[in-house]
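Q: I have just opened this one and would like a walk through it. Can we take it piece by piece?

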Amino acid sequence: MIETSKTTSMVFIILLGAAMLTAAFRGFGGPQGMAVVEAVMNHAAQILELDAAKVRSLNFYGDTPRNQTPYGQEVIFQDNRLERLYAQLMDESDYENRIESIESFNQKSKWVKRGIGFQPVKFGISFTTSMLNQAGALLLVYADGSVQLNHGGTEMGQGLHTKMLAICAHELGADLSQVRIMPTSTDKVPNTSATAASSGSDLNGQAVRNACVEVRERMRPIAAKLLGVSDGDADTIVFAGGRVYLPGQEEQAVSFQEVTQVSYVERISLSATGYYRTPNIYFDAKTGKGRPFHYYAYGGSVVEVEVNGLTGEHRMRRVDIVHDVGNSLLPEIDKGQVEGGFVQGAGWVTVEELVMDPKGRLLTHAPSTYKIPAYGDIPDDFRVSLLEKAPQEGVIHRSKAVGEPPFMHGLAMLTALEHAIGAFGAKGARVSLSVPATPEAILRSVEKSRSQKTSN
């Protein structure tokens, strides 16, 4: 019994250590799986002697039966933005002309080579554990027109609170300055799901909206009385920017505060709980089949790099990204998420190496030993745009999640680096690059390409 207890404790410690080393990281295993598939795409392109972007475009989802995922979910034609993104990105990045320019440069340069890579992104949004796809909110509107908002999401620097404030002010018709958000706490909103799977805005935003709509509709008859209109016209009343008015009669508006004050006098409840559960999603883990995602986020990126064949060092020359966020809730926040996601993804692909000692202990465990991208690693020419006219039905304000999907743009680095490394060797030779593609890994791959060229 004692030996069994020791063994159990040791197993627990090993599992705990493994969990610490392999905890959730912007994509929950998605980046690792995608990296493998993208490596296959690159090798196929090399063997077929085709442009890697073309190979990827030929493998986009299409008409039946090419609209089925491996787990049986249909990719809806109207929502599939890959073809549109590909066309826009190829045009805006001037891809074809740059390919020719890169080839010309590589023929003239012996020790420095350039490469370019295209990365399409399709990323499912929702928790595959269905019970987690729910959220709540608590809204308190006071007689003086001030608003207190509670929701179940955690702000970690991604701008979630800012988006919830914007949704609340918009749905109530209050001015943004009248709304304050409270620290997330389960004594206000119970049974919260993790702020993860890129669903923070989707889930909590809908819960916030539902609470706001309930209170706003309670106040609508009061607003009708203040504006002197019949109950039949109450549905046309506009709540916006701290003012309440009939369409086309903004000069006769009453303030949001006036409506809340009279609502209090008339004994109208000015608080509500909001709740939302994502509809029509399910997944059978035993069969690996179902409809685990409410929708998909899409994107595309083109990255150009330059590789030093003597040191294995590289630098990004230019990055073009077009990303699909539906109707953006807050474009500046979403654009920042895309930029940050790409830089983090590029760092994961190229420099973030986990080094263990012979006993399995992590050596790169701190900022002094674990390298992440710095300001100087960001390309001077960094072009990021959000796909226009791309509303997503059934999501808060027709927006889309933007937390994890942009990370996958970093995988374009693999294609671009392999293109550049291939220029050191014989035409059509296969390039094998390990991840992370550190300078050492790049240099080993360059030397292998050179040796293949010499042997041929």
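Q: Which residues form a nonpolar patch on the surface?
A: In this predicted model, the patch is formed by V36, V37 and V40, which together have about 260 Å² of accessible area.

Q: Where is V36 found, and is V36 buried or exposed?
A: V36 is found in helix α2, which covers residues 30-48. V36 is exposed, because its relative accessible area is 54% and the cut-off for that word is over 50%.

Q: Okay, changing topic: which residues are buried in helix α8?
A: In α8, made up of residues 256-265, the buried residues are F256, V259, T260 and S263. Seen down the axis of α8, these fall within an arc of 95°, so they line one face of the helix.

Q: Why would residues with gaps between them in sequence point the same way?
A: An α-helix has 3.6 residues a turn, so residues three or four places apart point the same way.

Q: And what do the buried residues of α8 pack against?
A: They pack against the strands β2, β3, β6 (243-245) and β7 (254-255), and also against the helices α6 (160-172) and α7 (200-227).

Q: What comes just after α8?
A: Just after α8 there is R267, which takes a positive phi of about 60°.

Q: Going back to β2 and β3, which residue is found in the loop between them?
A: A143 is found there, in the loop that lies between β2 (134-141) and β3 (147-151). A143 is partly exposed, because its relative accessible area is 28%, and that term applies between 20% and 50%.

Q: Which residues does A143 touch?
A: Leaving aside residues up to four places away in sequence, A143 touches Q257, T260, Q261 and Y264. As for T260, its C-alpha is 5.0 Å from that of A143 in space, although the two are 117 residues apart in sequence.

Q: What about contacts across the chain, how much comes from residues 24 or more positions apart?
A: Counting contacts with a separation of 6 or more, residues 24 or more positions apart account for 73% of them.

Terms used:
Residues are numbered from 1 along each chain as its sequence is written. This is a predicted model: local features need pLDDT of at least 70, side-chain atom pairs count only at pLDDT 80 or more; totals for chains, interfaces and linings use all residues. Side-chain values use heavy atoms; hydrogens and water are left out. Helices (H or I, at least four residues) and strands (E, at least two) are DSSP runs, numbered from the N terminus. Buried means under 20% relative accessible area, exposed over 50%, partly exposed in between (1.4 Å probe, protein chains only). Contact means heavy atoms within 4.5 Å. Patches are made of residues with over 30% relative accessible area and no salt bridge: like charges are joined within 9 Å, nonpolar side chains (Val, Leu, Ile, Met, Phe, Trp, Tyr) within 5 Å. Accessible areas come from the Shrake-Rupley method with a 1.4 Å probe; for residues, only the protein chains shown count as cover. A salt bridge is a side-chain nitrogen of Lys or Arg within 4 Å of a carboxyl oxygen of Asp or Glu. The arc is that of the directions from the helix axis to the C-beta atoms.
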